[in-house]
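Here is a short report on one structure. Please have the sequence and the 3D view open as you read.

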Amino acid sequence: MPPPVPESVLSEGLPDREGASVRETFELFSAVAPKGWRVELIEGEIYGVPPANGEHEEIVTEVVEQVIARRVDRELRNFTGIGLSLPGATDTVRVIPDLVIAPKGSFDDQREWHTPDPVLLVTEVTSTSTAGRDRVEKSRAYARAGIPVYLLIDREAGEAVVCSGPSGDDFGHKSIHKLGTQVPLPAPLGFTLDTAEF
């Protein structure tokens, strides 16, 4: 649990909390979140995500290493900590995926939140507190944004779910693989991910 935020921090140059919009409240929470925490806005709900545990980060790092070693397009890059601004059912969705794969130079500006246009793949690795959102709300948001591939490493279910063919609020194709097996990733990645290392 983060320490309480001093009243002076909340009142200086920030909106009056009473009557603040969801967007203003999201900006407020983002500004005062403890270091290492991610604040996300999904379908009008604000979520504070604490720093990931070691197992989570080991899996993200393993995916990054395999993408670097096996990617066909040498211009593809791995990004962690990139904020994406996605279309929502009623309002803008703001998420920070565990991993984003996009061409080199896709995020070479000073903005905090980016359009999903150049993104080829997003990866989420579930934690107990995020698994439900990763499986449902984020999947819908990534499909709605037209991101070609969503890779969900579901630690709780022991599965890797590869979602592709975004259409509306869903992906047209989903393949489920047990963790520890070979997981084929569709174009534009086009290689097999070895989840035995997870």
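## Helix H5 and what follows

Helices here are DSSP runs of H or I with at least four residues, strands are runs of E with at least two, and both are numbered from the N terminus. H5 covers residues 137–144, and it is largely enclosed by the rest of the structure because 6 of its 8 residues are buried. Buried means under 20% relative accessible area, with a 1.4 Å probe and protein chains only. The buried residues of H5 are Lys138, Ser139, Ala141, Tyr142, Ala143 and Arg144.

## Basis of the model

This is a predicted model; local features need pLDDT of at least 70, side-chain atom pairs count only at pLDDT 80 or more, and totals for chains, interfaces and linings use all residues. Residues are numbered from 1 along each chain as its sequence is written, and side-chain values use heavy atoms, with hydrogens and water left out.

## The largest pocket

The largest pocket has a volume of about 320 Å³. A pocket is an open set of points on a 1 Å grid over the protein atoms alone, where a 1.4 Å probe fits, with protein on both sides within 12 Å along at least five of seven lines; lining residues have an atom within 4 Å of a point. Volume is the space filled by probe spheres set on the points, which are joined across faces, edges and corners.

The lining has 23 residues, and Arg38, Ala52, His56, Glu57 and Asp98 lie nearest the centre. Helix H3 (54–70) and strand S8 (121–125) each supply at least two lining residues. H3 gives the most, with 3.

## Ser127

Ser127 sits in the loop between S8 and helix H4 (131–135). Ser127 is buried, at 16% relative accessible area. Its side chain makes a polar contact of 3.2 Å with that of Arg155. A polar contact is a pair of N or O atoms within 3.5 Å; within protein, one must be able to donate a hydrogen and the other to accept it, and residues adjacent in sequence count only if both atoms are side-chain atoms. Beyond four places in sequence, Ser127 touches His56, Arg155 and Glu156. Contact means heavy atoms within 4.5 Å.

## Thr195

Thr195 follows strand S13 (192–194). Thr195 is buried, at a relative accessible area of 1%. Its C-alpha atom is 7.0 Å from that of Val183, 12 residues apart along the chain.

Methods
Buried < 20%, exposed > 50% of the residue type's maximum accessible area, 1.4 Å probe, protein only.
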